[in-house]
Amino acid sequence: IERMAFEAAERAVKMREEQEAALKEARERVNREKEEQKRRTADAREEAQRLFNEQDLARKMRGMGHLEINVRPQDFRCVQCHTAVIGARGRTAMGVIEKLLTLGESIYAVARPQRPGVVEVPRWYAELMAKARFRGLDLKWGAADVRAPSTLDEPMRGAKLAVYVAASTDYSSMQKYRARKDNNGPQQVDYLGLKNVARAALDHGIERLIVISAAGASRPIWSRLKSLLIGDWGKFVSSEHYWKRKGEQAVIEECLKSQDSLSYTIIRPTKLGNSSWENSFKVEPSHVKVSQGDHATGMISRATLAAVAVESAFVATLQNAVIEVTGRTEPKVSRRARGDGDPSTWEQLFKHVLPGDGKFERLRYYQNRQKFRALQQELVAVTVNSSEGEVEEGAVATQSSNLKAEL
C-alpha cells in the first residue's frame, strides 16, 4: 500500500511538472508570436514607405535622368474627391488602382460580392489599404453589382471620377458559352451594366467617366466573322463586340443629356492576352500607340492599359473622345530630334485626338484625315511666323499656296 501510494505521488508530481512545462512553453510561444507580429508590423511600415518613395521617384524621374516635378492639371471641381473603380477584382483594375495610388488619389473600389450579403476584401487590396494609411490616403472597398443600380449609389456619391473596368464572363469557346450558369453575359454587363453606371454617374454629379471597351467594337460584323475564323465560337454566339458598342452608345447618350457636366473617355485596347498588371506607374507615353477610327490591331499589356486609363482623366483633349490603344513594339523615333516637342508627356501623346462617338473609319480615310490636320497646323505655323516677321513675304506666299493646294 505504501509503495502504491508513493508511485501515485510520483505520478502526480510528474504530471504537475509536465503541466507547468507545457504552460511555460505556451507562454513563450505567445510571446514569440507577439514579437513576430511587432516585427512584421515594423517591416510592413518600412516596406510601405519604401514602396511609396520608389513610386514617387519613378513618377518624378519620368525616365529623363533628372528630377522633374510632374504636376497633373486638376480640372475637377472637387480635387480631393475620390475615384470610383467599378469591377475592381480584375487584373486591369489592379493596375488602375496601383496607378491611382501612385498619383495620390483616394479610391473607392467596388466589385460584385462573391457571396450574398458578405463583403470580402481581397488580400492584395487589404495590404494596399494598410500601406495607404501611412500616407494619409483614403482607400475603401465595397460591394456593388452593375446589374443592380441601387448598389451603385454608395461608391458614386461624392466621386469626381469613375473608371469602368468590369468584364463579362469569358465566352471564348462554345463549351464555356454552353456551360454558363450566371447572368453575367455581355448584354448584362457590357451594355445594361455600363448603362446603369453612366446613369448613376450623371445622377451623382461625377465629372468624368472612363470606360474600358475593346478594339473592333464599332464593327461588330467584322469582329464576329474574325472570331469564327480563329475558333472563338462563344464570342460569335454571344455577340460580345456588339454589346460593347451598344454600351458605348449608351454612355455617349447619357453624357449628351448632362449638357457637358459629365464627359466620357472610351478606351478600346487591342488584344490583352495573359499580360501582367504590375508596375503600371512605370509606363511611359512612348510605350503606347494611339489611334482613332477603330482599325487598331496588335497587343497591349494590362499595365499599359491601366496607365492610359488613369492618365486620360487628366488630359483635356480626351474629353468626349474614343481612342484605340496598342503597345508599341518597335523603337519610337524621338520627336525631340525633329523639334516636335517632348515625347515623354501624355499631353503630347494625345494632342491629335479629336472628340467623337467612335464610329468606324476606313484606314485610308483616317490617314488622310491625320495628314489634313498636320497640314492645317503647318499652315497656321507659317501664318504666325509671317506675322512675327520670321519668314520673308515671298516665301510665305509660296508656302501658303503649296499648302492650300495640297489641302
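This is a predicted model: local features need pLDDT of at least 70, side-chain atom pairs count only at pLDDT 80 or more; totals for chains, interfaces and linings use all residues.
**Ile 107**

I listed the contacts of Ile 107, setting aside residues up to four places away in sequence. Val 85 and Ile 97 are among them, as are Leu 100, Leu 101, Tyr 125 and Leu 139. The list also holds His 82, Thr 83, Asp 138 and Lys 140.

**Strand S8**

I next looked up how far strand S8 (residues 321-327) is covered, and found 6 of its 7 residues buried. Which strands pair with S8, and in what sense? Strand S6 (residues 263-269) runs parallel to S8 and is joined to it by 5 bridges. Strand S7 (residues 288-291) pairs with S8 in the antiparallel sense, over 4 bridges. There, Lys 289 has Thr 326 as its bridge partner.

**Helix H3**

I checked which residues of helix H3 (residues 123-133) are buried, and recorded Trp 124, Tyr 125, Leu 128, Lys 131 and Ala 132. Why do they lie on the same side of H3? They do so because they cover an arc of only 120 degrees around the axis. The general rule is that an α-helix has 3.6 residues a turn, so residues three or four places apart point the same way. On the face turned away from the buried side I found the exposed residues Arg 123 and Arg 133. Tyr 125, on the buried list of H3, is also one of the contacts of Ile 107.

**Glu 120**

I located Glu 120 in the loop between strand S2 (107-111) and H3. Is Glu 120 buried or partly exposed? Its relative accessible area is 26%, so Glu 120 counts as partly exposed. Leaving aside neighbours within four places in sequence, I found Glu 120 in contact with Arg 89, Gln 114, Arg 115 and Trp 141. For Trp 141, which is 21 residues away along the chain, I noted a C-alpha separation from Glu 120 of 8.7 Å.

Note on methods: Residues are numbered from 1 along each chain as its sequence is written. Side-chain values use heavy atoms; hydrogens and water are left out. Buried means under 20% relative accessible area, exposed over 50%, partly exposed in between (1.4 Å probe, protein chains only). Helices (H or I, at least four residues) and strands (E, at least two) are DSSP runs, numbered from the N terminus. The arc is that of the directions from the helix axis to the C-beta atoms. Contact means heavy atoms within 4.5 Å. Two strands pair if DSSP finds at least two bridges between them.
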